[in-house]
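Morning, everyone. I have one structure to walk through today. Please have a look at it first.

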Amino acid sequence: LNATVQAIVADAIAAHMGISNFGSCNTKSTFSSSYEGNLVLADTGEASDHPSASSLLQAAVNIAGAATGLNINSSFNSGRGHSTLLSQSEVELIVAAALKKYDADRTGLVDHALESAGGAVVSTRCTEAYEINQAQWSWLGIPFYSYSTNTPRSLLQPDRNPGQCWAFKGSQGYVVIRLVAPVSPTGFSLEHIPRDVAPFGDIDSAPKNFSVWGLNYAEKDEGVHLGSYMYRADGEALQYFHAQNNNIDEYYPFIELKINSNHGNMKYTCLYRFRVHGIRMRL
């Protein structure tokens, strides 16, 4: 990602300044196949092998922004016949900000549920797991032990490859998470794999309607309703949701995620990554 964006920015700067050796960074070959042919001249609206500075900078920002969910398209002038209004340093700051956000867990926010930092799944209530596949230990080609790769722990881990999720039967499920420390939640992030990398180009197993609750105890606690939301199948893979009902003086050691429906899969629902953001209590 860094190499791609840097190469595009370098060529864009060269084009904007009218440098004769434009293209020395071989921008076109740097693009992934999904971007090739999608560069458009700002003044004509037509595809070109020699895109304008505005088009190149827009492409660089799009690539960085798509990877982070950062909306920075408004920084560009969309008028016909005009090139970008941004200077070289401003473009570099925009792209650097996008890359920095990508490196910061793609959100730029602390995840208080992250397993490697101390978060843990303590209960799934009555939710029944759905076994999509199993890994095997074998000796001399003879399998002698199988184990599930789809566990609730996947929710709190950074890996997000197809199949690296917690799958449960049906469209309704529950998971109670012990946070790293008591937190006053300000928002939540729910992430699924992009439709582009789904095996059949469909994410009907993605959660749809869900709610989040703050708990003081893992069991026998109705909890405080922090918000009800909808994960959009036509939206970004990583979606952020503000806490709708939160008292900044209330800190919760546990968070419960309740999935109420999915996007049409009758057999199972897949949860890839759930993040909890907010203000951590100083212990």
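I'll cover a strand and its neighbours, then a histidine, the cysteines and the aromatics. Keep in mind that this is a predicted model.

Start with strand β6, residues 209-215. Is it covered or open? Mostly covered: 5 of its 7 residues are buried.

Which strands does β6 pair with? One is β7, residues 224-230, running antiparallel to β6 and joined to it by 6 bridges. Within that pairing, Ser211 has Ser228 of β7 as its bridge partner. Another is β9, residues 252-259, again antiparallel, and again over 6 bridges. There, Trp213 stands opposite Glu256 of β9.

Stay on Trp213 for a moment. What sits over the ring of Trp213? The charged end of Lys258, 4.2 Å from the ring centre.

Next, His192. Find it in the loop between β5, which spans 173-191, and β6. Is His192 buried or exposed? Its relative accessibility is 3%, so it counts as buried. Now its contacts, leaving aside neighbours within four places in sequence. They include Arg160, Ile203, Tyr231, Cys270 and Tyr272. Ser205, Ala206, Pro207 and Ala237 also touch His192.

Cys270 brings us to the cysteines. How many disulfides are there in the whole structure? The search finds 0. Cys270 is in no disulfide, and its nearest cysteine sulfur, on Cys165, is 3.1 Å away. Cys270 is buried, at 4% relative accessibility. Cys126, by contrast, is exposed, at 67%.

Last, the aromatics. The structure has 7 aromatic pairs. Take Trp166 and Phe168: ring centres 5.2 Å apart, planes at 50°, so the pair is tilted. Trp166 is buried, with a relative accessible area of 2%. Phe168 is buried too, at 0%.

Tyr229 and Phe241 make another tilted pair, with 5.2 Å between centres and 50° between planes. Why does this pair tie separate parts together? Tyr229 is in β7, while Phe241 is in β8, residues 238-242, so the pair links parts 12 residues apart in sequence. Tyr229 is buried, at 9% relative accessible area. Phe241 is also buried, at 9%.

To recap: β6 pairs with β7 and with β9. His192 is buried. The disulfide count is 0. That's my part done.

Definitions and conventions: Residues numbered from 1 in each chain as written. Predicted model: local features only at pLDDT ≥ 70, side-chain atom pairs only at ≥ 80, totals over all residues. Heavy atoms only, no water. Buried < 20%, exposed > 50% of the residue type's maximum accessible area, 1.4 Å probe, protein only. Helix = DSSP H or I, 4+ residues; strand = E, 2+ residues; numbered from the N terminus. Pairing = 2+ DSSP bridges. Contact = heavy atoms within 4.5 Å. Disulfide = S-S within 2.5 Å. Phe/Tyr/Trp six-rings, centres within 6.5 Å; stacked < 30°, edge-to-face > 60°. Lys NZ or Arg CZ within 6 Å of the ring centre and 35° of its normal.
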